[in-house]
Structure formats: C-alpha cells, structure tokens
Amino acid sequence: MTRTRAATLEVDLSAIAANTRLFADTADAALMAVVKADGFGHGLADVARTALAHGATWCGVTSLEEAVAVRAAGVDAPVLSWLNPVDWDVETAAAHRVDVAVPSVRHLAATHADHPVRVHLHLDTGMARDGAAPDEWPALVAAARRAEADGRIAVVGVMGHLPFADRPDPAGLAALLHGVDLAVRAGLRPSLRHLATTAAALTDPSTHLDLVRVGVGLVGVDPSGSTRLRPALRLTAPVVQVRRVPAGTGVGYGHAHVTDRATTLALLPLGYADGLPRAASGRGGVLLAGRRRPVVGVISMDQVVVDLGDDPVEPGAEAVVFGPGDAGEPTVADWARWSGTIPHEIVTGIGPRVRRSVR
Ligand SMILES: *Cc1c(COP(=O)(O)O)cnc(C)c1O
C-alpha cells in the first residue's frame, strides 16, 4: 500500500508535453502557452518550460507580475500580458521584454519613448468584457499610430477573444478581421492576428490566424468536448482515522447525513480550503483500496468523511480524490459536475496547504 504523509497534488509534466505537441501539430499557426493563474494551478514555471520545450513558442499571462515570474523561470520566448491597469508599469514591461495588450486610449498614456514596448491592440470581439469596444476602436488605432510615430510603442499584434467554447463563431472572426483592416488603414502593420483559445484551436481552423492562445487544453481540459487530452493532475490524501458507527449516526456539521445502517467511516484531511468544493457535499467520491467510496455529510474547511461500508481500510491508506481516471478514480471533470462548475475552477482552486509534487 502506498502511504503519503500529507495531501499531495502530483503534476504530470509528460501529460502537459503530450497535450502541447497535440496543439502544436493541430494549429496552423504559432502556439502561445497561456500560463496565467499559476499555470492553471499546475505551476507557472513548470508549465511554461514544458510547453516551450514541446512546440509552444510564446507565453501568455494576465499581468506584468506573472510575466516577470515567467522571465524568472528562465523563459526567453516572447511573453504577452493582456489584463493591465491603465497605469501599468512600462519600465517593468520594457526591462523584461514583455509585450503588452492595450485595450484603450488611456492605456497608451503609460507609454514612454525612453522605454519602448511592443503592443498588441486588444479588440472586444463579442463579449462586452476585455478589449476595446468596437466604437472605440478607430480612436484607439489612431492614438496607437501616433504613439508608434513617437517611438513609444511598436504595434505588432491585434487580439480578440471568442465567447463560445462549443460552437463556431463567424461573427467573432469577422469582427477581428475588420479591426485588423481598420488598423492597417490607419498605417499600422500588425503581423500577429490572434483570436483562438483551446476550444477554437481544436475545432475551428479558420480562427487560428497567426497565433493560438492555449491554456486549459495544455493541462488536459477540453471545453469543446471534441478531443481526448491527457489530464495532468492527481490529488491524493491519506486516511487519518477510521471508525465503526451504528445506524442512525449523524455525520459532520448539521448532521446533513445520517447513516441508514451500521457502517465504517474514514476521515480525509482535505476540505474546501484545499479546493474540494463544498457544493459537492453528498455527491463526490474517492477511490480507496480499489473501490469508489462516497463522500458523506458536508465537506468541511479542512476535512471530509467517506463511507467505507463493510469494506474498511487502515489509517494511512491513500485515497485518490481525482486523477486521469485510468485506475477508476474520479476525474477533475467528475468533481466539476458534482459541484456544478467547470474543470477550470477545480484545477485553479487547489489550496496552498496541499503539497505539490512534480514528475
Ligand atoms: C485564459 C485566456 C486564454 C486561454 O484560454 P483557454 O480556454 O484556457 O485555452 C487565452 N486568451 C485569453 C485572453 C485568456 O484570458
């Protein structure tokens, strides 16, 4: 029996390498590894280095802080940061050679001829979220042209983002191409047009253009449901306590579960502070000694109880909370379904108390 001293999250870099190669082979464009949110919870430096060694040629992040962390990981490839405040730090961007997405004229005020930076103009292609609204775009391209003439920026790209993971979006593509057209007519020469993320990279080659930005797919999640990717995480926890209880025993806070027969309960040292969603209470399960065991009662902050029935285990036995699914263990997708969310929220939500182990 494998024993572990603590709850452990294993990151399988070979899965990330295989997924990266699949995207590099599928896309008719350059591949950007999106490593925001600590590499979708898998480790920013490890995901960045692994992806760049297996076909990615860019890194993408939301903030300059993350971009600096990518550089600190020894990455020399181009890095783009796209969710910056209006007073973003142009000196940091220039010093670390970070490309910056610019969604508004106000964001250009931070630029300076002493610290020229490469810019990707960011157009909202249909989400009413980040990027310039279409009616602000002509003013943005005109201001960017002036900033370029002043030697403050070089406009190298135009980016958009698609709202749908599960269907083609010709309107989003048309909006981006129209935006590029206006930029070119204003005198700009953006050579990198980019729009697609994981779902469109897998399902809609017309959106690939010059660069695809892939995040969650590298770590094995396919929001389009079209492709088998390799999950890269395995979460385990050792059984802390085992006890036999009679029928009618209330388990955990509020006695949300009451045993309907005599049974054996096992305690695991993992709770919602560790990323086990409380909303999965009464639905989730784990693999323990070769069998699925249901979570019973409410998932607490630090701990959770599973029902072993009449097939007990010893304290110290290792429960597999989720993994790739090869051995019958639940997957991240199962936990997402049990808690009414998407796999992205599970993988980015594992708490800091969980030990990380990379292989
Ligand atoms: C998160 C993000 C991505 C990556 O999307 P995935 O669906 O995870 O591949 C790409 N581009 C932008 C702007 C993002 O915010």
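The questions and answers below concern the ligand site and an aromatic pair in this predicted model.

Me: In which pocket does the ligand sit, and which elements give two or more residues to the shell around the ligand?
Reply: The ligand is placed in the largest pocket. Around the ligand are residues including K36, F40, R213 and V214. The elements that give two or more residues to this shell are α2 (36-41) and β9 (211-214).

Me: How do the residues of the shell around the ligand divide into nonpolar, polar and charged?
Reply: The residues around the ligand include V34, W82, H161, T197 and G215. Sorted by residue type, the shell divides into five nonpolar, four polar and two charged residues.

Me: Why is the pair of W335 and W338 called edge-to-face?
Reply: A pair of aromatic rings is described by how far apart the centres are and by the angle between the planes. The count of aromatic pairs comes to one. Because planes over 60 degrees apart count as edge-to-face, and the planes of W335 and W338 stand at 85° with the ring centres 5.1 Å apart, the pair is edge-to-face.

Me: What separates W335 and W338 along helix α10?
Reply: Helix α10 spans residues 332-338, and W335 and W338 both belong to it. Because the two residues are three residues apart in this helix, their separation is about one helical turn.

Technical notes
Residues are numbered from 1 along each chain as its sequence is written. This is a predicted model: local features need pLDDT of at least 70, side-chain atom pairs count only at pLDDT 80 or more; totals for chains, interfaces and linings use all residues. Side-chain values use heavy atoms; hydrogens and water are left out. A residue is near a molecule or strand if one of its heavy atoms lies within 4 Å of it. On a 1 Å grid over the protein atoms alone, a cavity is a set of points where a 1.4 Å probe fits but cannot get out, and a pocket is an open set with protein on both sides within 12 Å along at least five of seven lines; lining residues have an atom within 4 Å of a point. A molecule sits in a cavity or pocket if more than half of its atoms lie within 2 Å of its grid points. Helices (H or I, at least four residues) and strands (E, at least two) are DSSP runs, numbered from the N terminus. Ala, Val, Leu, Ile, Met, Phe, Trp, Tyr, Cys and Pro count as nonpolar, Asp, Glu, Lys and Arg as charged, and the others, Gly among them, as polar. Rings of Phe, Tyr and Trp (its six-membered ring) pair if their centres lie within 6.5 Å; planes under 30 degrees apart count as stacked, over 60 as edge-to-face and the rest as tilted.
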